[in-house]
Amino acid sequence: SALIARQYFDGMQGIDEKLELCLRYLLAVLRVCAPRFIQVGPRLARPLVIYRDASTEAMCESGLRLGAVIADGASIFCFSLDVPCDVVHSWTQRKTYISQAELLVAPMLAICCADLLRDRDAFWFVDNQSALGALIKGASSKADMSEMSLMCSLSLASTATRAWFEYVPSDLNLSDGLSRDGYASDIPAEWQILRFTAPWHLFLNGLEAAFQIISALG
């Protein structure tokens with residue numbers, strides 16, 4: 001991080017752009033982190049069970065589509081979103097963007113479905129090992145993925161959501177069809193579709209987007 005670089009490697013004395021961004025992130029963490037309470041038992045409400053997935057083979061302009069299934073007791077919700085090209089172009093250029101797309105689901109849910117996540121425990125099932133590692137550690141050696149994993153951590157902290165991330169094989173991922181075929185997939189009749197306007201503009205500015213998301217969540 002910029003703080004480690006400054007402590008052990010840099011010979012600079014002033015605050016450069018990277019160090020300023022790092023300090024701003026720490027300030028954002030202080031603003032959203034609630035007092036630490038050690039809860040012996042589970043919360044009264046049953047934990048949410050969330051399956052999320054992304055596909056790079058979707059029939060949309062960018063080729064990237066997100067899908068998620070959220071089980072809240074007897075109620076099951078789902079959504080599918082096509083990732084706009086300008087969001088993809090804002091990421092570091094690489095052959096595939098599947099891991100980055102996987103990381104979009106948590107902050108998107110926190111912004112658009114804050115009431116569903118607020119003060120809840122949640123089991124998140126992910127079928128991408130790279131994204132799973134970034135979510136668990138809250139960081140990544142790849143700059144854009146690290147920014148997005150920090151964004152996930154901040155957004156979940158803002159809704160006081162306690163998350164446990166776990167791997168699930170792709171063939172057992174309930175959101176697989178939604179990420180590939182969208183609402184044309186075979187969706188069970190009892191699933192409720194979450195319809196909302198995705199605030200994609202918040203995802204165009206790297207870690208700066210995290211600060212905008214915190215502001216949006218209040």
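This report describes a predicted model of a protein chain, from its overall make-up to single residues.

## Overall make-up

The protein chain has 10 helices and six strands. Of its 218 residues, 47% are buried. Among contacts between residues at least 6 apart in sequence, 69% join residues at least 24 apart.

## Helix α7

Helix α7 covers residues 129-137, and its buried residues are Ala 131, Leu 132, Ala 134 and Leu 135. Viewed down the axis of α7, these buried residues fall within an arc of 165°, so they line one face of the helix. An α-helix has 3.6 residues a turn, so residues three or four places apart point the same way. On the other side of α7, the exposed residues are Gln 129, Ile 136 and Lys 137.

The N-terminal end of α7 is capped by Asn 128, which has a side-chain oxygen 3.1 Å from the backbone nitrogen of Ser 130. After α7 comes Gly 138, with a positive phi near 70°.

## Helix α5

Helix α5 runs over residues 105-112 and is mostly covered, with seven of its eight residues buried. Those buried residues are Val 105, Ala 106, Pro 107, Met 108, Leu 109, Ala 110 and Ile 111.

## Aromatic rings

The model has four aromatic pairs. In one of them, the ring centres of Trp 91 and Tyr 97 are 5.8 Å apart and the planes meet at 45°, so the pair is tilted. Trp 91 is buried, with a relative accessible area of 8%. Tyr 97 is also buried, with a relative accessible area of 16%.

Trp 124 and Phe 165 form a tilted pair as well, with 6.0 Å from centre to centre and 45° between the planes. Trp 124 belongs to strand β4 (residues 121-126) and Phe 165 to strand β5 (residues 162-167), so this pair ties together parts that are 41 residues apart in sequence. Both Trp 124 and Phe 165 are buried. Elsewhere, a charged side chain sits over a ring: Arg 195 lies over the face of Tyr 183, at 5.2 Å from the ring centre.

## Ala 163 in strand β5

Ala 163 is another residue of strand β5. Its relative accessibility is 31%, so Ala 163 counts as partly exposed. Not counting residues up to four places away in sequence, Ala 163 touches Ala 122, Trp 124 and Leu 156. Ala 163 and Val 49 are 114 residues apart in sequence, while their C-alpha atoms are 10.0 Å apart in space.

## Loop residues

Asp 119 has phi near 60° and lies in the loop between α6 (114-117) and β4. Asp 119 is partly exposed, with a relative accessible area of 48%. Ala 160 has phi near 55° and is placed in the loop between α8 and β5. Ala 160 is partly exposed too, with a relative accessible area of 29%.

Ser 185 is in the loop between α9 (176-181) and β6 (192-193). With a relative accessibility of 14%, Ser 185 counts as buried. A polar atom of the Ser 185 side chain lies 2.7 Å from the backbone oxygen of Gly 182. Leaving aside neighbours within four places in sequence, Ser 185 is in contact with Gly 177 and Leu 178.

## Cysteines

A disulfide is a covalent bond between the sulfur atoms of two cysteines. The structure holds zero disulfides. Cys 85 is in no disulfide, and the nearest cysteine sulfur, that of Cys 60, is 7.7 Å away. The cut-off for a disulfide is 2.5 Å between the sulfur atoms.

Cys 85 is partly exposed, with a relative accessible area of 22%. Cys 78 has a relative accessibility of 0% and counts as buried.

Terms used
Residues numbered from 1 in each chain as written. Predicted model: local features only at pLDDT ≥ 70, side-chain atom pairs only at ≥ 80, totals over all residues. Heavy atoms only, no water. Phe/Tyr/Trp six-rings, centres within 6.5 Å; stacked < 30°, edge-to-face > 60°. Buried < 20%, exposed > 50% of the residue type's maximum accessible area, 1.4 Å probe, protein only. Helix = DSSP H or I, 4+ residues; strand = E, 2+ residues; numbered from the N terminus. Lys NZ or Arg CZ within 6 Å of the ring centre and 35° of its normal. Arc of directions from axis to C-beta. Polar contact = N/O pair within 3.5 Å; in protein donor to acceptor, adjacent residues only side chain to side chain. Contact = heavy atoms within 4.5 Å.
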